[in-house]
Amino acid sequence: LMQKLTHDLRSTILPSYEDVLTQLLLLLPRPLSPTSLTALLATFSVLFKYLLVASGDTSLLTKTWSCIKKALTACNPEVQRVMAEAWGSLLRRVKPSSRGFIIDCMVADLEGVEDACAWAIIFSCKVGFPVSADEER
């Protein structure tokens with residue numbers, strides 16, 4: 001539902017994006033059930049895909065990374081890793097020029113999020129390979 005709603009209301013939600021992002025990021029450091037964490041990460045992925053990638057606005061990308069970095073420093077390593085996967089998915093989807101810009105922002109200040117940045121970059125490069133020769137056929 002969030003995916004369709006976000007896509008249909010993109011121009012309506014975009015002015016409130018930073019407020020929505022801030023409220024969602026406040027949930028990350030809290031103890032969440034696996035189901036709740038999965039739903040939260042799916043929400044981030046939808047926001048990133050339909051608002052950030054679609055807008056291509058580098059200042060919005062920079063603000064988003066800054067907010068995420070601040071939130072991640074208060075999170076345990078497992079939450080940092082799964083959030084890094086959502087961010088890595090964004091890296092995979094943005095235009096190459098924006099991708100380089102975002103990575104430059106990430107590596108400019110790694111303190112407290114070194115592993116999360118590494119996970120995001122690794123996840124953005126992740127390619128599915130067949131497990132066996134039978135799957136190739």
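Predicted model: local features only at pLDDT ≥ 70, side-chain atom pairs only at ≥ 80, totals over all residues.
## Helix α4

Helix α4 covers residues 34-55, a run of 22 residues. At 1.5 Å a residue, a helix of this length should span 32 Å, and the C-alpha atoms at its ends lie 31 Å apart, which agrees. The helix has a bend of about 35° at Phe48. Just after α4, Gly56 adopts a positive phi of about 65°.

The buried residues of α4 include Leu37, Leu40, Leu41, Thr43 and Phe44. Further along the helix, Val46, Leu47, Phe48, Tyr50, Leu51 and Leu52 are also among them.

## Packing of α4 and α5

Two packed helices are described by the angle between their axes and the distance between the axes. For α4 and helix α5 (residues 58-72), the axes come within 9 Å and cross at roughly 135°.

On the α4 side, the contact is made by Phe48, Leu52 and Ser55. Helix α5 contributes Leu60, Leu61, Thr64 and Ile68. By class, five residues of the contact are nonpolar and two are polar, with no charged residues.

## The setting of Gln80

Gln80 belongs to helix α6, which comprises residues 77-93. Its relative accessibility is 10%, and because buried means under 20%, Gln80 counts as buried.

Leaving aside neighbours within four places in sequence, Gln80 is in contact with Leu72, Thr73 and Cys75, as well as with Gly112, Val113 and Ala116.

Notes. Residues numbered from 1 in each chain as written. Heavy atoms only, no water. Helix = DSSP H or I, 4+ residues; strand = E, 2+ residues; numbered from the N terminus. Expected span 1.5 Å × (residues − 1). Bend = angle between axes of the 7 residues up to and from the residue. Buried < 20%, exposed > 50% of the residue type's maximum accessible area, 1.4 Å probe, protein only. Axes fitted to C-alpha atoms, helices over the stretch in contact; angles between N-to-C directions. Contact = heavy atoms within 4.5 Å. Nonpolar A, V, L, I, M, F, W, Y, C, P; charged D, E, K, R; others polar.
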